[in-house]
Amino acid sequence: MSGSDKANVKTKLSQIEALLLPYNLKYLKKQQLYALVNSIRQALSSDTGAEVTPESVADFLSPCVQVFYHAMDSQRMCGMLIKNAYPQVSPLIINARHSPQAQRFTLSHEIIHYLIHPDRNYLCDTGDARSSLEWQANEGAAELLLPYRIFIPQLCAYIQSVNRHTGGHKPSSTELLLPYAQKYGVTLTTLQNRLTGLRYEIDQYMSGCPLESLEFLSEAELTRRCIHVKPLFFSV
Ligand SMILES: [Zn+2]
């Protein structure tokens, strides 16, 4: 998706805008958010069929989104997006103090703001999911980096296989997850958050429910329905 001109990007952004129409962003449920992210992924990959990553999306959007890396004073600050501050140009700034893997998550997070959220400034903190837009940017970023359709079956198979070959030694969650996190270029924290965020869905999958029939529930919905599920690595 390199070498895109502005006209090409504008056409694709119009297609993405059309994808947003059926959704009410104020009350977006987890399953709807994932469906939206995956529709956007399909729209962005349809020309080349190449894998869609935060880097490839940023590259494609580069005439309209300018990515800068800057060592910010605050370690807590991950990044910021000034969406359409100038005519058709949005500066996206990433905190260069963070690890390359953490910066990838921030890039993914800010791209979700750019693609689905209204024009305004976004100043993003580590772990800030208080507003629904920040929750959507975090969940959407995780789905862009680690799509559940690949992540859930692959990670379940991986952990079962590791457990089968470790004899009496019970590996710690870090021992289990670090190689996987390194392979996919994400931090251990991102991977653990993904496992925790998908623990209800993973539990259904491990009980034999096919991917297409999974029920997706956010933390708020799990709490409201009094559903308690431990993350996967506590139960294997
Ligand atoms: Zn944000």
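The structure is a predicted model, in which local features require a pLDDT of at least 70 and side-chain atom pairs count only at pLDDT 80 or more, whereas totals for chains, interfaces and linings use all residues. Residues are numbered from 1 along each chain as its sequence is written.

The chain contains eleven helices and four strands, where helices (H or I, at least four residues) and strands (E, at least two) are DSSP runs numbered from the N terminus. Its radius of gyration is 18 Å, close to the 18 Å that the globule rule gives for 236 residues, so the chain is as compact as a globular protein of that length; the radius is taken over C-alpha atoms, and the rule is 2.2 Å times the number of residues to the power 0.38. The C-alpha trace spans about 60 × 40 × 35 Å along its principal axes. Of the 236 residues, 31% are buried, a residue being called buried if 20 or more other C-beta atoms lie within 10 Å of its own, exposed if 12 or fewer do, and partly exposed in between, with C-beta atoms placed from the backbone.

The chain is divided into domain 1 (6-145) and domain 2 (148-235), with bounds that come from an automatic or database domain assignment. The centres of the two domains, taken over C-alpha atoms, are separated by 24 Å. Twelve residues from domain 1 and eleven residues from domain 2 take part in the contact. On the side of domain 1 that touches domain 2, helix 2 (30-45), helix 4 and helix 5 (132-145) each supply at least two residues.

The four strands form an open sheet with the order 1-3-2-4 and mixed pairing, where two strands pair if DSSP finds at least two bridges between them. Strand 1 (65-70) and strand 4 (121-125) are the edge strands, each of which pairs on one side only. Neighbouring strands of the sheet are turned against each other by 15 degrees on average, direction ignored. In general, strands of a sheet pair through backbone hydrogen bonds, either parallel or antiparallel. Strand 2 (residues 77-82) pairs with strand 4 in the antiparallel sense over five bridges, and strand 2 also pairs with strand 3 in the antiparallel sense, over three bridges.

Helix 4 is mostly covered, with 13 of its 17 residues buried. At 1.5 Å a residue, the 17 residues of helix 4 (residues 100-116) should span 24 Å, and the end C-alpha atoms are 24 Å apart, which agrees; the expected span is 1.5 Å times one less than the number of residues.

Several loop residues were also examined. Pro-22, in the loop between helix 1 (6-20) and helix 2, counts as exposed because it has 10 C-beta neighbours inside 10 Å. Its C-alpha atom is separated by 39 Å from that of Arg-97, 75 residues apart along the chain. Ser-74, in the loop between strand 1 and strand 2, counts as exposed with 11 C-beta neighbours inside 10 Å, and the C-alpha atoms of Ser-74 and His-98, 24 residues apart along the chain, are separated by 11 Å.

In helix 9 (residues 199-206), the buried residues are Arg-199, Tyr-200, Glu-201, Ile-202 and Tyr-205. Gly-208, which follows helix 9, has a positive phi near 105 degrees. Most residues other than glycine have a negative phi, yet Cys-226, although not a glycine, has a positive phi of about 55 degrees. Cys-226 is found in the loop between helix 10 (219-224) and helix 11 (232-235), and counts as exposed because it has 6 C-beta neighbours inside 10 Å.

Methods. Axes fitted to C-alpha atoms, helices over the stretch in contact; angles between N-to-C directions. Contact = placed C-beta atoms within 7 Å.
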